[in-house]
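Dear colleague,

Please find the structure below, handed over for your own work. My notes on the chain contacts and the aromatic rings follow it.

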Number of protein chains: 2
Amino acid sequence: MHVGERFVSAPGKAILHGEHAVVHGKVALAVSLNLRTYLRLQGTASGQICIHLPNIDTFRAWDVAALQPLVSDRKGGTSLVERLRAFAGVAEGSTDSGNMAVLAFLYLYLSGFAGAQTLPSMSVRVWSELPTGAGLGSSAAYTVCLSAALLSSWHVLCFSWSEEELTLINKWAFQGEKIIHGNPSGVDNAVATWGGILRYHAGKITPLSRVPLLRILLTNTKVPRSTKLLVSGVKDKINKFPSIMVPVLESVDAVSRTCELTLREMATAGASAQQYDTLEELMDINQHHLSVMGVGHPALDTLCRLTLAHGLHSKLTGAGGGGCGITLLRPGNTTHPHHTPVLHTSSVRSAGISEHTSLSLNAALCDDISISLSLSLSLSLSTQC
Amino acid sequence: MHVGERFVSAPGKAILHGEHAVVHGKVALAVSLNLRTYLRLQGTASGQICIHLPNIDTFRAWDVAALQPLVSDRKGGTSLVERLRAFAGVAEGSTDSGNMAVLAFLYLYLSGFAGAQTLPSMSVRVWSELPTGAGLGSSAAYTVCLSAALLSSWHVLCFSWSEEELTLINKWAFQGEKIIHGNPSGVDNAVATWGGILRYHAGKITPLSRVPLLRILLTNTKVPRSTKLLVSGVKDKINKFPSIMVPVLESVDAVSRTCELTLREMATAGASAQQYDTLEELMDINQHHLSVMGVGHPALDTLCRLTLAHGLHSKLTGAGGGGCGITLLRPGNTTHPHHTPVLHTSSVRSAGISEHTSLSLNAALCDDISISLSLSLSLSLSTQC
């Protein structure tokens, strides 16, 4: 079979509130960023499949004929992932991002075309505005792009980005996330699929129907950390001081709920200065709570102090212990990326996965595509809502 | 009548945990400091009473004969405080520390000797190691010294510092505190009277029976603040975000209770490194909670950051918004007061009010006096327990 060309993109995410507390049954709010991952899939007649991941220096190619036998289990009782691991030479337990990305790609490719008579030749190239390992959902944006491109190239004529199809894309992207992360929450791929703001509570993901555009500075401290160790550290602290820590988790839960309520009001009645005051207070409170949980870091404290000196309020986002921080901008704030340790200015209310008809997109095209488009920074600040 | 000579001293206090939360019915722990206020009362035949308060540049003297008419109400319906205010020329609503100290002195003097046939002449000199207005209980140490010296000079032969007499001293000192502060909690005068560590909960003050010696650095940020405004700011925040703030107060309550339990264990079984770890964690947690309440200050953040860079953990003490911070020292820590913004190294487990027989005290005298003595820094660190 031959597949056409597909160009899709999906956004990264940040946690606005509720990181860590979410592990203990509390509400978290995840928001999509206007930093995106882009994927271009081109059908070829080369008899090969190629994957190019320039961000993580990963370039691999295989003969389609060599992959064909992997579709069905001929070794008895082995899973597709196990067979792919052996095929691609990826050791059990490897966490190398290149290896994980290759496994997820092969898994989604073979799963997607398992029903086809012959596997198609193709070249897939993925690049991203998202740093990897920074808690911004780069792997989910990747698997959502893969899932969307592979599924839509298979169902080439009937794919219309309906809710049902988005659910299918998200489901397969989650399988890819599982290969990469083992036990992900599913929030990242949901945000990458639907965009906007999602509420996550006790395993249930609910998109917020109306949300305002928020502008944030996203700062990558580039301090490496282990999410697993941070999560278990919080657990240890709760076990050591239950009477102290359980109320802190309750307070974080109330921060998420108050933020959700405030965002709804802002979307409905327009944003007021008082509502921005509230959002800032909530960020300050939660940053202190996260420090109480033991997931702060001097680099994050520095971010909070430096931004506060400019009247801006920040908190860590995601696992903490380094990683990224977010700083809320008010409508009137301008940013000077060269004067502060800021990585990106980002809109947290951006679209989910998008299909692009060409690379030369412009803002005027937005209105013609049901799921709105990835925009450049300046466009996103001036035109998205 | 003629009174003898009295030399008494009483300690200042710091709040270890529970400031602000105590206003909302939570547990607070107050500890006495080895920074003390000293009072020397000398009977004279001058026909005058003189008060010398060199720390606050206040020196006043009156003829005893002029004071005598104030004892009984001849103006009909006026309180002693009102008559004293008119006599000393202190306007209603004045908060000047010299004026307040003079009023409290005259009130306790006239109340103490109201039953005597003639008012005695005397000279009273008070000096202190405590800064005023820094939340360290300097006014309570002053009124406790006044109350103890005046009561004991009146009951010159029978005063034995029994529990009953200490209760009387504390009661009168509290009256003096009311004149100075309007509506004090009574914690400061209780700590100055009994020393040690007191638990304050819902208006009830309970001394901890056995407490360990703790060493702290006490840093005065010298940032002025209004306790009243800070207290009402916390109240406003609780009203604005009840679901967020009520759990924070509960968590502070648990911090105080956990600290109390840890101190009891340290006093009973000896202090371990793990217990110091716990005390440090509790200080960090509470400092974040106090920041959430809105009573932090950049100067306090700087203190926390600078001390943490030396492995030491700090929090604000008292009203916050500036004022003093405390830094816990471990047994092995040495201090370099000239290299850090440290005011005093202080033992938080020091004695309550003390009667001194002479100025040339030494540690050997301690065992002979039922209520142990004010010791110099080096003595307190090496001999108290």
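A salt bridge is taken here as a side-chain nitrogen of Lys or Arg within 4 Å of a carboxyl oxygen of Asp or Glu. This is a predicted model, in which local features need pLDDT of at least 70 and side-chain atom pairs count only at pLDDT 80 or more, while totals for chains, interfaces and linings use all residues. Residues are numbered from 1 along each chain as its sequence is written, chains are lettered from A and ligands numbered from 1 in the order in which they are written, and side-chain values use heavy atoms, with hydrogens and water left out.

Between chain A and chain B there are two salt bridges; one of them joins Lys240(A) to Glu281(B), with the closest N and O atoms 2.5 Å apart. In terms of contact (heavy atoms within 4.5 Å), 21 residues of chain A meet 21 residues of chain B. By class, the side of chain A that touches chain B has nine nonpolar residues (Ala, Val, Leu, Ile, Met, Phe, Trp, Tyr, Cys and Pro), five charged ones (Asp, Glu, Lys and Arg) and seven polar ones (the others, Gly among them).

Turning to the rings, Phe, Tyr and Trp (its six-membered ring) pair if their centres lie within 6.5 Å, and planes under 30 degrees apart count as stacked, over 60 as edge-to-face and the rest as tilted. The structure holds ten such aromatic pairs over all chains, including the stacked pair of Phe7(A) and Trp127(A), at 6.0 Å centre to centre and 15 degrees between the planes.

Best regards
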